[in-house]
Amino acid sequence: METPSACWDNWVGEALETLYSLKVLRSLRPICLRSSQPREFGADDDAFQVFDEMQHWDRSSVEVEIAETTFSRWMHDTPSSGDEIVCSATGGDGEAGASYEKFKKLILFSGNDYLGLSSHPTIGKAVAKAAQEHGMGPRGSALICGYTNYHRLLESSLADLKKKEDCLLCPTGFAANMALMTAIGSIGTLLAGNSIPSEDEKIAVFSDALNHASIIDGIRLTERQKSVKVYVYRHCDMSHLNMLLSNCRMRKKVVVTDSLFSMDGDYAPMVELADLRKRHGFLLVIDDAHGTFVCGKNGGGVAEEFNCEKDVDICIGTLSKAAGCHGGFIACSKKWKLLIQSRGRSFIFSTAALVPVAAAGHAAIKVAKLEKWRREAIWNRVKDFHLLTGIPVTSHIISLVVGSEDKALQASRLSGTGIYCNLAST
């Protein structure tokens, strides 16, 4: 009996053959920016600094100021389009006609900069060096001219981190989920001779009820292709998922879930999902946006944390949270990468990431791997919160249930929309 990975490998291979015969198989060809190669940091590199404890600049991403008028409107839930231009009384000359007023100092507990890397000097130097040498880099989609040796180096580093064969960079994590779900839906159409497949040949997609909006929107877009059938299982309910899988007669099955849910802060039951995958032979896709760099001994994410990396077929991630940078990625096999870059419209028709942003992402991976104390500090914050409040918490995303939606909105205006244990938020 073929393994789940082998079955899907065959189906993706058939889809790629169809794309090739139709002359629509797309290729990525990295442009080499020759004035210098992307920096592979070494221990003797003066630009590469690592630290063994928190520095003063670690707090810069959580200590902010807000104008008192803006704060007042926020507290009273006054609608705003963000057009309140104000200058601090202690600031510079300012613009003509700008108003000057007092500011309130706030500490953010609702940001995603979990490791505090957005202000790390090594990452800042990587950005500055790339910008000085290449500006923003070639501007165009990755398939045309936007894909460079900087992007390729970042993809290789992410593939190593996630223990996958390859990786595809996307403009955002949202775009990554949209591209993947669209590509999954295209398999049914391609294998049906580029037409709507029969019911048995459609792809069954099983989605957790509390999955991120980008997964939900990607599935909705895929449904319009009429090549998938969607099943929503109760949140983290493996009995319900097992029942749906057992009653499904379709051969091509996909289970997609957040690995760490951004609202409730709970983990997907990874071990149980791995067991079900062996039993039912589905493709397992996880969105590891909030686990990457934070969970696991090496920052590999939730799958590493639960020792089931080999059971995850495709891993979505982002560089805009714990990496402190910007962009999304899909860690997968080379065949899947070819399919997504040929059929994932949110990837195909988006401008590639700026070269300095790609340089920042690569530097962030190196720093996150070496400064392991940052991950340890986060989990110490989680333990401290539990000891101080008695509230049971399992991750750095802490959900405080206060009652009705109105009460939750009122509380959010006082403390932010949620609590995330960032390195510097104390």
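1. In what follows, buried means a relative accessible area under 20%, exposed means over 50%, and partly exposed lies in between, as computed with a 1.4 Å probe on protein chains only. With that in mind, strand β8 can be described residue by residue: Lys 253, Val 255 and Thr 257 point one way, Val 254, Val 256 and Asp 258 point the other way, and all are buried. The strand, which spans residues 253–258, is thus mostly covered, with six of its six residues buried. In a regular strand the side chains alternate between the two faces of the sheet.

2. A word on the basis of these remarks: this is a predicted model, in which local features need pLDDT of at least 70 and side-chain atom pairs count only at pLDDT 80 or more, while totals for chains, interfaces and linings use all residues. Residues are numbered from 1 along each chain as its sequence is written, and side-chain values use heavy atoms, with hydrogens and water left out.

3. For the chain overall, the secondary structure comes to 15 helices and 13 strands, where helices (H or I, at least four residues) and strands (E, at least two) are DSSP runs numbered from the N terminus. Of the 426 residues in the protein chain, 50% are buried. Taking contact to mean heavy atoms within 4.5 Å, and looking at contacts between residues at least 6 apart in sequence, 78% join residues at least 24 apart.

4. To return to β8, its pairings can be given with the convention that two strands pair if DSSP finds at least two bridges between them. Strand β6 (residues 203–208) pairs with β8 in the parallel sense over four bridges, and Ala 204 has Lys 253 of β8 as its bridge partner. β8 also pairs in the parallel sense with strand β9 (residues 283–287), here over five bridges, and the bridge partner of Thr 257 in β9 is Ile 286.

5. Strand β11 (residues 328–332) is likewise mostly covered, since five of its five residues are buried; Gly 328, Ile 330 and Cys 332 lie on one side, Phe 329 and Ala 331 on the other. Its pairings are antiparallel: five bridges join strand β5 (residues 166–170) to β11, with Asp 166 opposite Cys 332, and four bridges join strand β10 (residues 314–318) to β11, with Cys 315 opposite Ala 331.

6. Angles under 35 degrees count as roughly parallel, over 145 as roughly antiparallel, 65 to 115 as roughly perpendicular, and the rest as oblique. A crossing is left-handed if the near helix is turned anticlockwise from the far one by less than a right angle, and right-handed if clockwise. For residue classes, Ala, Val, Leu, Ile, Met, Phe, Trp, Tyr, Cys and Pro count as nonpolar, Asp, Glu, Lys and Arg as charged, and the others, Gly among them, as polar.

7. Helix α6 (residues 173–191) and helix α7 (residues 213–223) pack at an angle of about 30 degrees with their axes 8 Å apart, and are therefore roughly parallel to each other. Their crossing is right-handed. The α6 residues in the contact include Phe 174, Met 178 and Met 181, and those of α7 include Ile 215, Ile 219 and Leu 221. The residues of this contact of α6 with α7 divide into seven nonpolar, six polar and one charged.

8. The axes of helix α3 (residues 121–134) and helix α13 (residues 355–370) come within 8 Å and cross at roughly 150 degrees, which makes α3 roughly antiparallel to α13. The crossing of α3 and α13 is right-handed. By class, their contact has twelve nonpolar, two polar and no charged residues.

9. Helix α1 (residues 4–21) and helix α11 (residues 334–343) pack at about 45 degrees with their axes 9 Å apart, and are therefore oblique to each other. The crossing of α1 and α11 is left-handed. Among the residues that make the contact are Trp 8, Val 12 and Leu 16 of α1 and Trp 336, Leu 339 and Arg 343 of α11. This contact of α1 with α11 divides into eight nonpolar, two polar and three charged residues.

Terms used:
Axes are lines fitted to C-alpha atoms, for helices over the stretch in contact, and angles run from 0 to 180 degrees between N-to-C directions.
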